Amino acid sequence: MIKMALLGAGRIGRMHADNLAANPRVELTSVYDVYAPAAQEVAERHGALAAADVASVLEDEGLDAVLIASSTDTHVDLITAAAQAGKAVLCEKPIDLDIARVDQCRAAIADCDVTVQIGFNRRFDPTHRGVYEAVRAGEAGKIEQIIITSRDPAPPPAAYIKVSGGLFRDMMIHDFDLARFLMDEEFVALSAMGSVLVDPEIGALNDVDSAMVVMHTAAGSQCHINCSRRAVYGYDQRVEVFGSAGMVRSDNRRPTNVLRDTATRTNVSDPLTNFFIDRYPEAYDAELNDFIDAVESGRGASVTFEDGRRALILADAANESLRIGGVVDVSYD
Ligand SMILES: NC(=O)c1ccc[n+]([C@@H]2O[C@H](COP(=O)([O-])OP(=O)(O)OC[C@H]3O[C@@H](n4cnc5c(N)ncnc54)[C@H](O)[C@@H]3O)[C@@H](O)[C@H]2O)c1
């Protein structure tokens, strides 16, 4: 059993707290949030300590790891402080919105011999992972094209958009990571298109709500990602890998597989699961167990800091492509 603390008890932090408390391999010892009532409520619910500050969390010599689920602009400082205190880190995506700060963090923790894992939960979803395993087993042959569809049910409030870093760094970053995970080599060039089709307020904030990206590898294998901030039928999460020997796909999930046929419709199924907490529960849990495996075995994180950095580099390239209206070469140096 490892001892973990939770830093950040907001929307996703509360879900992580439930997973930490329910996992027999973890003891959730303390919770810290800059908004003390949130930490208190979550800590009380799970019999943990509500910490007064980060320093007191990290001073605990018995603590093995922290799960960082605080606002994005706090991740770099918290990763650095935790890693330098010798604590393993599972940190929500994205590492930061600024690649320069990510690089500074990378340098600051370079000599820290601890596991640092980034929370790209979709890699652990059973159906997306099933696609990965089938593809790595050669079932699609040589990968030629990947298509990822990623649409949220409804746009977030303007206050969220304002600090989100924009669609590519906030939302599509998950899909950039999934694309890298599924493809067998890095993407070297990218072209993005973005529009405001859903919510003019998003446009007023200089962001887009509908975007398509096309990328290719040095060998010419291609990937297309499409994102929308609004899908009236629910959270739309599909992945398709096409290759020389066939195609492997993961489709949307529904609460049940019940199909209804009536006088006016056939094959009518349940609505899609609502949003990420409903769609990806097994993924968040598997991500946590994978992190615990990494900490206990010392084998290194399976989703690394560098994975988080590279996904951000692709997101930045998409913003640059949008700005110049053309293809951008991608370098990971
Ligand atoms: N992997 C996923 O599926 C997923 C989903 C949602 C959010 N996220 C990421 O998780 C992070 C949090 O998102 P959210 O939607 O829960 O946001 P949120 O605003 O609901 O929660 C953030 C919490 O962090 C707290 N906080 C702010 N500064 C802090 C600090 N210095 N130390 C400790 N706590 C601090 C806030 O008080 C708040 O309670 C973001 O980085 C977001 O991108 C990931």
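**Figure 1. Helix 1 lies across strand 1 (2–7), strand 2 (26–32), strand 4 (65–68) and strand 5, at about 165 degrees to strand 1.** The model is predicted: local features need pLDDT of at least 70 and side-chain atom pairs count only at pLDDT 80 or more, while totals for chains, interfaces and linings use all residues. Residues are numbered from 1 along each chain as its sequence is written, and side-chain values use heavy atoms, leaving out hydrogens and water. Helix 12 (residues 281–297) packs on the sheet too, touching strand 1, strand 2, strand 4, strand 5 and strand 6, and its direction makes about 160 degrees with that of strand 5. Helices (H or I, at least four residues) and strands (E, at least two) are DSSP runs, numbered from the N terminus. Contact here means heavy atoms within 4.5 Å. Axes are lines fitted to C-alpha atoms, for helices over the stretch in contact, with angles from 0 to 180 degrees between N-to-C directions.

**Figure 2. Six strands make an open, parallel sheet in the order 3-2-1-4-5-6.** Strand 3 (49–50) and strand 6 (116–119) sit at the edges, each pairing on one side only. To count as paired, two strands need at least two bridges between them in DSSP. Strand 5 (residues 88–92) and strand 6 run parallel and are joined by four bridges. Look for Leu90, which stands opposite Gln117 in strand 6. A cis peptide bond links Lys93 to Pro94, with omega about -20 degrees.

**Figure 3. Helix 1 (residues 11–22) packs on helix 2 (residues 36–46) at an angle of about 20 degrees, with the axes 10 Å apart.** That angle makes the two helices roughly parallel, a label for angles under 35 degrees; over 145 is roughly antiparallel, 65 to 115 roughly perpendicular and the rest oblique. Helix 1 brings Arg14, Ala17, Asp18 and Ala21 to the contact, and helix 2 brings Ala38, Glu41, Val42, Arg45 and His46. Sorted by class, that is four nonpolar, one polar and four charged residues. Ala, Val, Leu, Ile, Met, Phe, Trp, Tyr, Cys and Pro count as nonpolar, Asp, Glu, Lys and Arg as charged, and the others, Gly among them, as polar.

**Figure 4. Asn289, in helix 12, gets its own view.** Leaving aside residues up to four places away in sequence, Asn289 touches Asn23 and Arg25. Arg25 is 264 residues away along the chain, yet the C-alpha atoms of Asn289 and Arg25 are separated by 8.2 Å.

**Figure 5. A second open sheet has seven strands in the order 12-11-7-10-9-8-15, and its pairing is mixed.** The edges belong to strand 12 (246–250) and strand 15 (328–329), each with pairing on one side only. Strand 11 (residues 236–243) pairs with strand 12 in the antiparallel sense over five bridges, and Val241 has Val248 of strand 12 as its bridge partner. Helix 6 (residues 126–136) lies across strand 7 (143–151), strand 11 and strand 12, at about 160 degrees to strand 12.

**Figure 6. Strand 9 and strand 10 form a hairpin with four residues between them.** Gly220 in the turn has a positive phi of about 100 degrees. Strand 9 pairs with strand 10 (residues 222–228) in the antiparallel sense over seven bridges, and Met212 stands opposite Asn226 in strand 10. Strand 8 (residues 187–195) also runs antiparallel to strand 9, with eight bridges joining them; here Leu190 stands opposite Met215 in strand 9. In the loop between helix 10 (200–204) and strand 9 (210–217) is Asn206, a residue other than glycine with a positive phi, near 70 degrees.

**Figure 7. Helix 9 (residues 172–182) packs on helix 13 (residues 305–324) at an angle of about 115 degrees, axes 9 Å apart.** This crossing is right-handed. From helix 9, Ile173, Phe176, Asp177 and Arg180 meet Asp307, Arg310, Ala311, Leu312, Leu314, Ala315 and Ala318 of helix 13. The contact holds seven nonpolar, no polar and four charged residues.

Conventions
Left-handed = near helix turned anticlockwise from the far one by under 90°.
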